[in-house]
Amino acid sequence: MLKYALLLLLLGMNFSPAQVPITNSVIKRVAIIPIQEDIEPALVYIVRRAIKEAKEKKADAIILHMDTNGGRVDSTTEIINILSRFEPQNQTYTLIDTKAFSAGAFISAATRHIYMTPGSVIGAATPILSTGQEMPKSIEEKMTSAVRALVRATAERHGHNTKVFEAMIDRDQGLTVDGKEIVPKGKILTLTAQEAEKKYGKPPRPLLSAGTVDSLEQLLKTIGAEHAERIEIQATGFEILARWVVKISPILLLIGIVGVYVELKTPGLGLPGLFAAICLLLFFFGHYIAGLSGHEAFILFILGVILLLTEILIFPGTILPGVLGVAFIMISLILAMVDKYPADPMIPTITQLQTPLLNFSIALIGGIIVIGLLARFLPASPLFKRLTLETASGTQTPFTFISPSRQIGETGIALTPLKPSGKGQFGETIEEITSAGEFIEARQTIRIVEITDNKIIVEKV
């Protein structure tokens, strides 16, 4: 019995999980994300796409390959939030290759392990103006307090020494460890690779860096990922374009809404409809490239357009296809702006919907205002007389909303079947008209029986 007990003890010692390098056994795929040059909105899109791709491909680890002078605080905050979506968080790494100043230092705090190459530096993270000048004292204190709180919370979550990052941000902090002054008060902390990996305390722990490696290849070997499948993330020119598209998305939506309205007020396909289509396609393209929109939102938009055209061209007056079409279009535009990750629930949260709803509301309210101004002032303007479209007979006729010259009792010709809505021609102008309840075929003579603010009601003569 004693022999068996000893044998079991030896087996337990040889095969205990503590004897197996856990890191080496789990990293089969690693995503390498470049944090290069300035940190700005375009980089946010790259990181967002990278994390989503890493989650979709079930990457076991991510490495931020960093060489940056820093950048915008708002973009830094977004990137930190995006990085927090990756799991497992204990397999997140930063390799500082040359430098990680300012916002670069903040982002490195959002990973569990920080490595540096020989001669690289990290720090000098005090907020400054975009012009490169130092902030006024009152503004600096307010900004420094906010940034310190963000970085402190991030560093705490990953087990980093929060005092190190605070000394990088606030010159009034200074840093003393184990009775040794690392940086005096009044100076901003910047660490070299050797200084960052130096150990202090009992038990000894590195000040910041987990180690110094010569290259990305050596880091992969150090963490047991030299044979792992690499997911290389590269920035594209489209992502730079997407930055501007997302920024002006309310304007694109506004133009699209106005263009669709103007097109519906004209017979045939004209420039307003084409311009609206270009703006809406650019809207979806930009949000797709930025990693915000998937195929689902665009498919829903196309379905909404089909239903709306069915209501207008095939079954006018049935209402249901038009209502569903408008609803699908509105939902698709909002969903296209939602920042959604692969593991997220199908229905967006209130937090995810805040920015999309705000942008959509701005565009919708702006569109209503512009449409109201066009309906009121365009018919009387010189521009109105130059906007012409081909009618069914091929003659040139002015584009109109409701001409102020229309009067009850005036007669004209129905250009399209009225079921009950359609187009009618009165003199040389074309109007959007609605029958008084009866079906009226095209080319029938009609008479105006009622005029409201936005509707002309006619009957067959």
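Me: Is E432 buried, exposed or in between, and what is E432's relative accessibility?
Reply: In this predicted model, E432 has a relative accessibility of 24% and therefore counts as partly exposed.

Me: Which residue does E432 meet in a salt bridge?
Reply: The side chain of E432 meets that of K423, with N to O at 2.6 Å.

Me: And K423, buried or exposed?
Reply: K423 is buried, because its relative accessible area is 9% and buried means under 20%.

Me: How many salt bridges does the count come to?
Reply: The count comes to eight salt bridges. Among them is the one between R152 and E166, whose closest N and O atoms are 2.8 Å apart. This pair links distant parts of the chain: R152 lies in helix α6 (residues 137-157) and E166 in helix α7 (residues 162-169), 14 residues apart.

Me: Are R152 and E166 buried or partly exposed?
Reply: R152 is partly exposed, with a relative accessible area of 29%. E166, at 10% relative accessibility, counts as buried.

Me: Let us turn to the strands. Which strands close into a barrel?
Reply: Five strands do so, in the order β15-β16-β17-β19-β18, and their pairing is mixed. From one strand to the next, the twist averages 55°.

Me: Mixed in what way? Which pairs are parallel and which antiparallel?
Reply: Strand β17 (residues 429-435) and strand β19 (residues 456-460) run parallel and are joined by three bridges. Strand β15 (residues 411-414) pairs with strand β18 (residues 445-451) in the antiparallel sense, over three bridges. β18 and β19 also pair in the antiparallel sense, over five bridges.

Me: What holds such strands together?
Reply: Strands of a sheet pair through backbone hydrogen bonds.

Me: Now the helices. Which residues of α4 are buried?
Reply: In helix α4 (residues 73-83), the buried residues are S75, T76, I79, I80, I82 and L83. Seen down the axis of α4, they fall within an arc of 160°, so they line one face of the helix.

Me: Why does I302 count as partly exposed?
Reply: I302, which is found in helix α13, counts as partly exposed because its relative accessibility is 34%.

Conventions: Residues are numbered from 1 along each chain as its sequence is written. This is a predicted model: local features need pLDDT of at least 70, side-chain atom pairs count only at pLDDT 80 or more; totals for chains, interfaces and linings use all residues. Side-chain values use heavy atoms; hydrogens and water are left out. Helices (H or I, at least four residues) and strands (E, at least two) are DSSP runs, numbered from the N terminus. Buried means under 20% relative accessible area, exposed over 50%, partly exposed in between (1.4 Å probe, protein chains only). Two strands pair if DSSP finds at least two bridges between them. Axes are lines fitted to C-alpha atoms, for helices over the stretch in contact, and angles run from 0 to 180 degrees between N-to-C directions. The arc is that of the directions from the helix axis to the C-beta atoms. A salt bridge is a side-chain nitrogen of Lys or Arg within 4 Å of a carboxyl oxygen of Asp or Glu.
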